[in-house]
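User: I would like to learn how to read the features of a protein model. Please show it to me before we start.

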Amino acid sequence: MKKNNGAIPIENVFICNNHSYVVDRFLCILKVTSQRDDEFYDIGVVRTQLDERIVSDENLIGVELLPIAALFAGDFICLDYRSHNQEPSVCVES
């Protein structure tokens with residue numbers, strides 16, 4: 001993310017737990033102005049849209065799941081801070 005700030009991968013298929021996933025694109029961090037077509041892929045915009053799906057504690061300051069890539073069919077690759085807040089694991093969130 002630091003190097004490219006969002007991208008569409010050339011090799012976009014990966015297998016996890018015997019299931020194939022297709023990465024649509026990695027998310028980016030943008031200043032949302034409603035003037036760009038790719039603002040839909042801003043991490044903050046995606047996180048706001050997913051709040052009901054990814055927030056389990058409304059009083060939490062920060063995030064438990066941080067979406068970093070959009071997958072085909074509406075799933076997301078997320079950094080999962082629920083078990084360890086300094087070293088997140090990676091998960092697929094439906």
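User: What does the accessible surface of the protein chain come to, and what share of it belongs to carbon and sulfur atoms?

Analyst: This is a predicted model, in which local features need pLDDT of at least 70 and side-chain atom pairs count only at pLDDT 80 or more, while totals for chains, interfaces and linings use all residues. Residues are numbered from 1 along each chain as its sequence is written, and side-chain values use heavy atoms, with hydrogens and water left out. Accessible areas come from the Shrake-Rupley method with a 1.4 Å probe, and for residues only the protein chains shown count as cover. The accessible surface of the protein chain is about 6,900 Å², and carbon and sulfur atoms hold 49% of it.

User: How many helices and strands does the protein chain have, and in which pattern?

Analyst: Helices (H or I, at least four residues) and strands (E, at least two) are DSSP runs, numbered from the N terminus. The protein chain has one helix and five strands, in the order β-β-α-β-β-β along the sequence.

User: What share of the 94 residues is buried?

Analyst: Buried means under 20% relative accessible area, exposed over 50%, and partly exposed in between (1.4 Å probe, protein chains only). Of the 94 residues in the protein chain, 31% are buried.

User: In which sense do β1 and β2 pair?

Analyst: Two strands pair if DSSP finds at least two bridges between them. Strand β1 (residues 13-16) pairs with β2 in the antiparallel sense, over four bridges. Isoleucine 15 stands opposite serine 20 in β2. The two strands form a hairpin with two residues between them.

User: How many aromatic pairs does a search of the whole structure find?

Analyst: A pair of aromatic rings is described by the distance of the centres and the angle of the planes. Rings of Phe, Tyr and Trp (its six-membered ring) pair if their centres lie within 6.5 Å; planes under 30 degrees apart count as stacked, over 60 as edge-to-face and the rest as tilted. The search finds one aromatic pair. Phenylalanine 14 and tyrosine 21 are stacked, at 5.3 Å centre to centre with 25° between the planes. Phenylalanine 14 is partly exposed at 25% relative accessible area, whereas tyrosine 21 is buried at 16%.

User: Which side chains meet in a salt bridge?

Analyst: A salt bridge is a side-chain nitrogen of Lys or Arg within 4 Å of a carboxyl oxygen of Asp or Glu. The count is one salt bridge, between aspartate 80 and arginine 82 (2.7 Å, N to O). Aspartate 80 counts as buried because its relative accessibility is 10%; arginine 82, at 46%, is partly exposed.

User: Which residues form a nonpolar patch on the surface?

Analyst: Patches are made of residues with over 30% relative accessible area and no salt bridge: like charges are joined within 9 Å, nonpolar side chains (Val, Leu, Ile, Met, Phe, Trp, Tyr) within 5 Å. Val13, Val22 and Phe72 form such a patch, with about 310 Å² of accessible area together. Valine 22 lies in strand β2 (residues 19-26) and is partly exposed at 34% relative accessibility.
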